[in-house]
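Let's walk through a structure together, one step at a time. Take a moment to look at it before reading on.

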Amino acid sequence: MPKWGLAMSEGTVVAWYLGEGAEVAKGDDLLDIETTKITNVVESPHTGMLRRQAAPEGATLPVGALLAVLAGPEVSDAEIDAFMAEFNANFEVEAAAAEAAAPEPETRDAGGVAINLLAMGDKTQDTAPIILVHGFGGDLNNWMFNQPMLAERHRVIALDLPGHGRSAKDASAGDMAALSATLLASLDALDIGAAHLAGHSLGGAVAMQTALDQPARAASLTLVASAGLGRDINMDYIEGFQRAGRRKDLKQVLQALFADASLVSRDMVDDILKFKRLDGVEQALATIADGAFAGGRQASVLGHRLHELEAPVQVIWGADDQVIPAAHAREVPATVKVHILDGAGHMVHMEKAGEVNALIEAIVAG
Amino acid sequence: MSKKSYRQAINEALAQEMRRDPTVIVMGEDNAGGMGAPGEDDAWGGVLGVTKGLMPEFGRERVLDTPISESAFIGAAVGAAATGLRPVAELMFVDFLGVCFDQIFNQAGKFKYMFGGKAVTPLVVRTMYGAGFRAASQHSQCLYPIFTHIPGLKVVIPSSPYEAKGLLIQSIRDDDPVIFLEHKVLYDDEEEVPDEPYTIPFGEANLTREGEDVTIVAFGRMVKFANEVADKLEKDGISCTVVDPRTTSPLDTDTILESVEETGRLVVVDEANPRCNMATDISALVAQEAFGALKAPIKMVTPPHTPVPFAPQLEDLYIPSPEKIEAAVRAVAGA
């Protein structure tokens, strides 16, 4: 059972895509898991034969529990039974240990702004780490389907922008220059020279500004449904997000984020409502929105300058994005690779996590 | 974010508002303890320890131990509110309102209206209510309907630690007199509560469960029972919406009516005595505004019309229990 986000402690098996005996390739959809916050697909981490579905549909299991056994046909049923028995006998202990070792978010002083961040993966990796920057109104948990998977091979740091998540709620200068300065200060605070920058939506524009200002700090740039590539922005979403005080209203607003509106769960809405009630958030969001989307147009458009970067740049978009049109993906120089994914909306990194993770892996591999 | 008790959530709200605004003061019987007689400083923090730790941080000037004279110190708090402070006065048990009611309903509640809207009275009266504490008939009542009856007062009934912190900060920042009712049996309940200050607006009900078959409206501790019942019945195929109005004045009538229009069935759970309580009020509202949507008669789950009994067995029978709520929901659902 994967752990998606800090708050996840268990998940429920919704449906299996493959039956026992099926040949499975790495990345194939195995099953859907539902948490209180969201439903998502579990992809196969390996290639092999699905020998056992270890959990029936409807079962609720803790993080770390056994979901499936993959093995070649040469492995006997008795060996698989023995493996499962041993796994389950040892599971409690391992679950407790894994829980204790779960990474905790930490606060760093980034140029006088208290920035909350979550670091995962091996700190001794000498290659540039991956930095994940969320969008307007989001937080580092938006990368729940990306960060743990990328952290299997890389050091990955997700941070909360000023005014967001658990970072300081004072975003007095909320324009792109100030947000980018905070991102740079966060890298400094972490002693990171160059990083693979990946940003979503507003966070994409922040990452792009940072890369253009300080090209030496960007080992690569991944822009996910990014702001900063065109003028259009769905102000019904931006204003609705700020205005909505009731669950019902906010749910309707958030449904614009996904191709599959049913992904907006009660808990997701509740978490965002709770965030919006914190002192300073209303003002911070207003400041940032006024800075980035004044007059209903994006203030900062930098896509045409991406050819200045020597580091590889890619753009990823959900074809059904209702917040920033996917057509903006075409507003970039030919040197930039563009990936438009069907069946995904603005939260393409959640709806098509496997594909987005593979694209980030690829650009990091160079 | 970490788990905090209802008691800690209230204490944190007080401390954060006192840090933010120097005009916020706290006063009440043994709010610190150790004042006016030989004794230990900060010995008590109120009878159940809710204000403990405030006096050492903010000093005697802002955390006042008062005499056992509600008429005097609630009156003093009303006067302080009318002249520039934001007092949070603790009326130890709501059952004691009888001795200070003039100060609340005929003074604090009227100033804004009598003085041409120029007077503000940013007073909070924190007070304990509710049965289940083996505290007998003079320390166990649910008197929020009495405050709700008075225009000019705002009445807040937090049902959980998260709700308590956000609603108390809102209460302190509000310019009108607010009665903030803490159920004494909830003080040790815990849940995730943000470390930062936050506010929950008044007059916006919370749907703690969302379902299609039955609407349960519940207040304070009864929200917890209603949630238990909703979770249990979900497994039996009856899905319930649980509405926690959070404040009885102002009351979010829209959310209640919208929900009943969706489900067509209403159970109101109110720990207050049954004549002229919130259950009768909401039943009347729905009968008047959404009668056409009702598929079954409204059910009210309340205690009997008696004082809270001292015998523990009788007290347990007196309180609306999850079993009684479940029976009412099953009855309106026809299951």
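Here is a short tour, going from the parts of one chain to the meeting of two chains and then to the second chain.

This is a predicted model, in which local features need pLDDT of at least 70 and side-chain atom pairs count only at pLDDT 80 or more, while totals for chains, interfaces and linings use all residues. Residues are numbered from 1 along each chain as its sequence is written, and chains are lettered from A and ligands numbered from 1 in the order in which they are written.

Start with chain A, where the domain assignment gives domain 1 (10-101) and domain 2 (106-365); such bounds come from an automatic or database domain assignment. The centres of these two domains of chain A, taken over C-alpha atoms, are 31 Å apart. Their contact takes 7 residues from domain 1 of chain A and 7 residues from domain 2 of chain A, where contact means that C-beta atoms, placed from the backbone, lie within 7 Å.

Now look at where the chains meet: 8 residues of chain A are in contact with 11 residues of chain B. On the chain A side, helix α7 (residues 266-277) gives the largest share, 3 residues.

Finally, turn to chain B, which has 12 helices and 14 strands. Helices (H or I, at least four residues) and strands (E, at least two) are DSSP runs, numbered from the N terminus. The C-alpha trace of chain B spans about 60 × 45 × 40 Å along its principal axes.

Methods:
Contact = placed C-beta atoms within 7 Å.
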